[in-house]
Amino acid sequence: MSNMSGAEAIVESLKLEGVDVVFGLPGGYILPLYDALYDSGIRHVLIRHEQAAAHAADGYARATGRVGVCLATSGPGATNLVTGIATAYMDSVPMVAMTGQVPSQLLGTDGFQEADITGITIPVTKHNYLVRRAKDIPRVFREAFYIARTGRPGPVLIDLPKDVTVDDLDFEYPEICLPGYSPNLKVHALQIKRAAKALMEAERPVIYVGGGVKYSDGHKELVELAEKIKAPVTTTLMGVGCFPEDSPLSLGMLGMHGTRYANLAIQEADLILAVGARFDDRVTGKIASFAPQAKVIHVDVDPAEIGKNVRVDIPVVGDAKTALAELAKAVEPKVWSAWNELVAAWKRDHPLFYAKGGDSIKPQFVLETICKLCPEAVIVTEVGQNQMWAAQFFTHKDPKHFISSGGLGTMGYGFPAATGAKMGCPEKEVFDIAGDGSIQMNIQELATAVINDVAVKVIILNNGVLGMVRQLQDLFYEKRFTNTTLGRVPDFVKMAEAYGALGLRATRPSEVEGVLKEAIASDRPTVVDVVISPDEKVSPMVPAGASLSEILELEG
Amino acid sequence: MKHTIALIVENKPGVLVRIAGLFSRRGFNIDSLTVGATDNPDYSRMTITVEGDEVVLEQVTKQLNKLVNVIRVSELLPSESVERELAIIKVAARKEDRSEIMQIVSVFRAKIIDVSPRSMIVEVTGSEDKVEAMVRLLRQFGIKEMARTGKVSMVRGTKVVSA
Amino acid sequence: MLHTIAPIVENKPGVLVRTAGLFSKRGFNIESLTVGATDNPDRSRMTITVEGDEVVLEQVTKQLNKLVNVIRVSELLPSESVGRELAVIKVAARKEDRSEIMQIVSVIRAEVIDVSPRSMIVEMTGSEDKVEAMVRLLRQFGIKEKARTGKVSMARGATAVGP
């Protein structure tokens, strides 16, 4: 036990949790904590807008598998974090967010820069705390990190009234005592047995994998199981990278912009093994006609997900990695079957494609070129068409190498998240695949990247429009393109230069490879403005609310 | 269908908001809710009655279980539990009505806990049906005010819902 | 000091979250809260007891009054009102203890509402103090489970908070 201030106790707690970097921006009521961070040895990255602090912590967490940490001052600092916290919540990202708060005696008085951030974030955090006494700090931090990273991970917010960070306490890091929280990681042996039996009996099995496999680090076990029983594997957007897409068993992504063959396989399957996935509406399409012939095995660490959207025949509550390992042990090897042949034929007949040739740069070609030049790259995306092309036309093989805002679909996520990812993995090449709309939502973070020497490569697929929304207008609103034209402002090359980053541009297909090579060779933040047509589309597409069988092939 | 859920929760600020929020987000109206002390000062017990679809309720129950401050959630089936509610009712009581009110009170084994020149306060406990029946009978005199606790419920026999 | 307030609110989803949120955002712990039906199906009546000084209470009352779904808020002073709580207690009841338990129950005008070979459920109403006293008396036998409604309260005499 030793005597220290609340702020010092926070720093001590962060160190005990192994935190080496935090993202934030100071303000009045969080100043005591900033003062304690000053010579703490913990790296603080000064971002330019608090939303980016949360996204950077999120990107750091997804790239490293560790808990991401961000902080902001009270009031607007805290509310600016909310989009980033909600993004992490929807995608189950382990995060601890700290916010300053008015001194305890001013709580509820609408004091300067006061916001009820615990009230605001109840629906978008796994848990949150308003700390009332300095002596509670060690316990709250211990619990917060534990809750954030265990079970189904998620963000935890800690609101810190100024006096609480100033008051003294005797520091002692307590044992965890959370009577209302006990994540169920063990899997039920009988359920595994039932699931294994169903897998053995199935003639047309499909394994459907989500982000849960990523967070439980279960990709090796997944490969082992799939190869042993020759089961085709499709992933959600969050699961991209969990199964190597160059495997003959890979079906790529399913759902709204999934591959035709993944969706066909789901609709024809007699058994679906869902692992760490939640049957989101973007995946299932019209729920009543989703996988009409299939029995469903659902493995999830969160019991509330099981039976939420679809009827489940064999529920398995527990850790995905453990469940996959147990299943791989429990099944007998199978041989390449007629089902595998059928799926292989679908893959041959309905590949992802785009019209090649012509004078304009194809965004799909840009992704393929990045993949060719840098197959081990970490691909972070914004949200919209850029995100879907990045999921579709890069051959993903590593679960921590594809980072995207899936659940909330947050434009402006990619660039700060890529910055965080690069800081977590400085040895890796990190790309932010962006659109000209998304990138402008957190463009100010170029300053953060330049000042901190974070050599993220931003590839702007610049169509001058809000492409995904425009695509919907094109298909479903009689081409009435209301408010989706951005007008190709600003000049991204000049803008990059104004921030002190490297700015490059490609306007013709022949320039793409050279410009990308130059970007990869660059050792500083680099923005590549790739000019593409506003009429490019993401294909194929299952219209919202339609069955997966009603997939459309679109031409750019 | 009506459901009764008993929860053991940590006795901390904000717990009620978290719980009530899960119901409101799904558009569930809470018919009644009680929070009271348990024999352990760290825990409170809530009884919540809601009207709603079974499947959705199951989902809400699972979400309740996920809240860090919630220790235990049990659905209590009416056929296996005792259910009680307390109501205090202020009824207009003109001189000429008093004896009839007293009669009703006695039939229901209720109690008069306050008398003033123009009103009486009646306390009644029992099942919701019993309270409803009493209210219906008193209505003819004029109900000026009524406060009901909402239902508490407990499984019959030795089985318990506790931390 | 402990305060009792009785808001009359619209019977709609989300009202409880809004109301409870006003307390939690200031870090107040609600000591007890009940929500129950009134004689008007569109309205519910809450009784909230909360610890805090006058200034704080006044502020909370004003904030409650600002909520669109809150119809009226009244503070009920203990000296001018009747307060009642209902408790249902499952007590361990070995054969040799039964008669003593029954005696206690009868002295404090409680009621036994369920009997099983090893336990009894006792129902009682009264002021919080009375309930506490009863609980103390029963504790020697072993309290297995306890559900309390929290207090409902009403001003004595003919004035009414609402229908």
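Chain B and chain A bury about 1300 Å² between them, with 54% of that on carbon and sulfur atoms. Buried area here is the accessible area, taken with a 1.4 Å probe, that two parts lose on being put together, summed over both. This is a predicted model: local features need pLDDT of at least 70, side-chain atom pairs count only at pLDDT 80 or more, and totals for chains, interfaces and linings use all residues. Residues are numbered from 1 along each chain as its sequence is written, chains are lettered from A in the order in which they are written, and side-chain values use heavy atoms, with hydrogens and water left out.

Back to the chain contact. Chain B gives 16 residues and chain A gives 15, contact meaning heavy atoms within 4.5 Å. Which residues of chain B lose the most area to chain A? Arg18(B), Lys66(B) and Val68(B) do, together 47% of what that side buries.

The term means a side-chain nitrogen of Lys or Arg within 4 Å of a carboxyl oxygen of Asp or Glu. Asp302(A) pairs with Lys66(B), and their closest N and O atoms are 2.5 Å apart.

H2(B) gives the largest share, five residues. Helices (H or I, at least four residues) and strands (E, at least two) are DSSP runs, numbered from the N terminus.

Next, inside chain B. The domain assignment gives domain 1 (2–76) and domain 2 (82–154); such bounds come from an automatic or database assignment. Eight residues of domain 1 and seven of domain 2 make the contact. The C-alpha centres of the two domains lie 29 Å apart. Between them the domains bury about 600 Å², 50% of it on carbon and sulfur atoms. On the domain 1 side, strand S2 (30–37) and strand S3 (43–51) of chain B are the elements that give two or more residues.
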